[in-house]
Amino acid sequence: MADEALSAGAVARRLGVAVTTLRTWHQRYGLGPSHHVPGHHRRYTPADLARLEIMRKLTAEGVAPAEAARWAKQGPAVSPGAELRMRGVRDGGGQTIPVGRAGPVARGMARAAMRLDSVAISETIAHSLARDGVVATWDGLLRPVLAGIGERHAATAGLIEVEHLVSRCVSEAFAAVARAGTATGPPRILLSCADEEQHSLPLEALAAALAEAGVAYRMLGARVPVAALIEAVNRTGPAAVVIWSHTRATADPGQLGALLGVPRRPLLVLAAGPGWRADTLPAGVVRPVDLAEAVSLALAVRDSLDQSTGD
């Protein structure tokens, strides 16, 4: 039993809730850990976890916490009649965010997003970043959840508040990684959204991944006019420029052509994002397939410059 017992942090991550939420459920409704070894903190058993799964599920569907706790204490076996009675006490919708084949951490974060639980969302992201790094967190956790929110919004025109909250949590997490970066030397990578492109989270993910890898960069952010981008390139002389476009509406190849014609032309121009079409890109422009490839290309440019400087 001791091997199966879980800490509060582990249970919180599995459920997609904050540790403080578990503490509240314990103190108010008696849904606490039952396994105890003298001299150690109590830990959650599989039976405790099963009850908490019911609690989390029902509260996410709008059942009042006290009522949800009453059902949770009856155990995981709930009859069809009980399901109907539980639906009768719901005071909110039962929407969920689809995350495809993503794992339990993504599902837990999606549930936290539906509850607008920013603490749980931030804790989940921070733990994943510390454990797996930026690229794996983006691909395995954040992209599935963000795509699921977008899918649900397209179908219902709702979840705008969910998207805003999750985006803010993601931005804050990436900013923390960037601040902790240990890059040295002048910034050699310039990051910019295409003209009128407002979706900057993928670019923030790239910035965080570069900071994690020790690569210095400059971030211009969303909606950068072509003239402003060219001015920035001429002024700073970056070795590589990344232009992000999320939609076809903002992916004007003319922006790339203008960039290739500047006096201080960068060694590498990356057209990143699903907006760009490979058959419309000017010669010399590279379109990375994902975040990992964009980071790899940026690292290659840095290493090439370091080698030439060393020679």
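Visitor: What do the buried residues of helix 9 pack against?
Guide: They pack against helix 6 (104-114), helix 7 (118-132), helix 8 and helix 10, where contact means heavy atoms within 4.5 Å. Helices here are DSSP runs of H or I with at least four residues, strands are runs of E with at least two, and both are numbered from the N terminus. This is a predicted model, in which local features need pLDDT of at least 70, side-chain atom pairs count only at pLDDT 80 or more, and totals for chains, interfaces and linings use all residues. Residues are numbered from 1 along each chain as its sequence is written, and side-chain values use heavy atoms, without hydrogens and water.

Visitor: Which residues in helix 9 are buried?
Guide: Among them are Val-162, Leu-165, Cys-169 and Phe-174. Buried means under 20% relative accessible area, exposed over 50%, and partly exposed in between, with a 1.4 Å probe and protein chains only.

Visitor: What makes the pair of Trp-138 and Phe-174 tilted?
Guide: Rings of Phe, Tyr and Trp (its six-membered ring) pair if their centres lie within 6.5 Å; planes under 30 degrees apart count as stacked, over 60 as edge-to-face and the rest as tilted. By this rule there is one aromatic pair. Its centres, in Trp-138 and Phe-174, are 6.2 Å apart and the planes stand at 50°, so the pair is tilted. Trp-138 belongs to helix 8 and Phe-174 to helix 9, so the pair ties together parts 36 residues apart in sequence. Both Trp-138 and Phe-174 are buried.

Visitor: Why does Ala-157 count as exposed?
Guide: Its relative accessibility is 56%, so Ala-157 counts as exposed. Ala-157 sits in the loop between helix 8 and helix 9 and has a positive phi of about 65° although it is not a glycine.

Visitor: Why does Arg-223 count as partly exposed?
Guide: The relative accessibility of Arg-223 is 43%, so the residue counts as partly exposed. Arg-223 is found in the loop between strand 2 (217-221) and helix 11 (226-236), and its phi is positive as well, about 50°, although it is not a glycine.

Visitor: What volume has the largest pocket?
Guide: About 940 Å³. On a 1 Å grid over the protein atoms alone, a pocket is an open set of points where a 1.4 Å probe fits, with protein on both sides within 12 Å along at least five of seven lines; lining residues have an atom within 4 Å of a point. Grid points are joined across faces, edges and corners, and the volume is the space filled by probe spheres set on them.

Visitor: Which helix supplies the largest share of the lining of the largest pocket?
Guide: Helix 8, with eight residues.
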